[in-house]
Amino acid sequence: VGVKPITMSDLIACCRDYLPTETKESEYEIARVFGGLDWAVTSGTSVFSAGGPDTDGRFKIIYSKKYTSTDPRAVIEDVVRLCGQLNVEFLGVDRGAGHTNNLMLHDRMQWTKVIEFAYVPRQREGMKWDQKSQCFILDRTFALDSTIYKLKNQKVVFPKYDSFGKTFFQDIVGVFTEYNDYLKKIE
């Protein structure tokens, strides 16, 4: 039986009165900008987001974009452009099916540290650096639980609902968790 841990009300409560931007603005009160790129090679909908900790210690999203192109080169070109405009210091990328794309991205973004993340169903630590694969390995449940906690407690801030939520919130509320009897844990 699956449970939907995040509601639309939870996400709307995280929205604030500002608009997303393609350039880092001092009014956002973010000293450092970090980016994330989730390659969705099979569905053809990759997502780039950028933000950073604000003066209240919350993670403030300042920009996100969905890519429907199945050509990774077009996505890479745009992500490189956005990282430059937003002054992204580090870009976290989904290793999975995007590893080859990440290598091309790293070649283009030598000024930004491109860091791969891989999710596994079970590991003792929530997150650890794997020297052999040169990426961070995350326990999927740990990562999901941490994100749900931050969203439910408004530790993440989004732009205005009309300019942001209408595009991205349906994907987030579509997440569900279920108990895995074999692993004896929620996934």
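Reader: Hi! Which residues are buried in helix α3?
Author: In α3, which covers residues 99-108, the buried ones are N101, N102 and L105. Buried means under 20% relative accessible area, exposed over 50%, and partly exposed in between, using a 1.4 Å probe and protein chains only. Helices here are DSSP runs of H or I with at least four residues, strands are runs of E with at least two, and both are numbered from the N terminus.

Reader: Is this an experimental or a predicted model, and how are residues numbered?
Author: This is a predicted model, where local features need pLDDT of at least 70 and side-chain atom pairs count only at pLDDT 80 or more, while totals for chains, interfaces and linings use all residues. Residues are numbered from 1 along each chain as its sequence is written, and side-chain values use heavy atoms, leaving out hydrogens and water.

Reader: You mentioned α2. What do its buried residues pack against?
Author: They pack against β2, β3, β4, β5 and α3. The buried residues of α2 are V75, I76, D78, V79, V80, L82, C83 and L86.

Reader: What caps the N-terminal end of α2, and what follows the helix?
Author: D71 is the cap, with a side-chain oxygen 3.0 Å from the backbone nitrogen of R73. After α2 comes N87, whose phi is positive, near 55°.

Reader: New topic: how many residues are in the largest nonpolar core?
Author: That core has 25 residues, and those with the most contacts inside it are L37, F48, V79, L86, L91 and L105. A nonpolar core is a set of buried Ala, Val, Leu, Ile, Met, Phe, Trp, Tyr and Cys residues joined through side-chain atoms within 4.5 Å. At least two of its residues come from each of β2 (33-38), β3 (46-53), β4 (59-67), α2 (72-86) and β5 (88-94). The largest share, seven residues, is from α2.

Reader: What is V79 in contact with?
Author: Leaving aside neighbours within four places in sequence, V79 is in contact with L37, F48, Y67, L91 and L105. Contact means heavy atoms within 4.5 Å.

Reader: Now the sheet. What is the strand order?
Author: Eight strands form an open sheet, ordered β7-β8-β6-β5-β2-β3-β4-β9, with mixed pairing. The edge strands are β7 (127-130) and β9 (156-157), each pairing on one side only. Two strands pair if DSSP finds at least two bridges between them.

Reader: How many bridges join β4 to β9?
Author: Two bridges join them, and the strands run parallel. The partner of F59 in β9 is V156. β5 and β6 are also parallel, over five bridges, and F90 has K113 as its bridge partner in β6.

Key:
A polar contact is a pair of N or O atoms within 3.5 Å; within protein, one must be able to donate a hydrogen and the other to accept it, and residues adjacent in sequence count only if both atoms are side-chain atoms.
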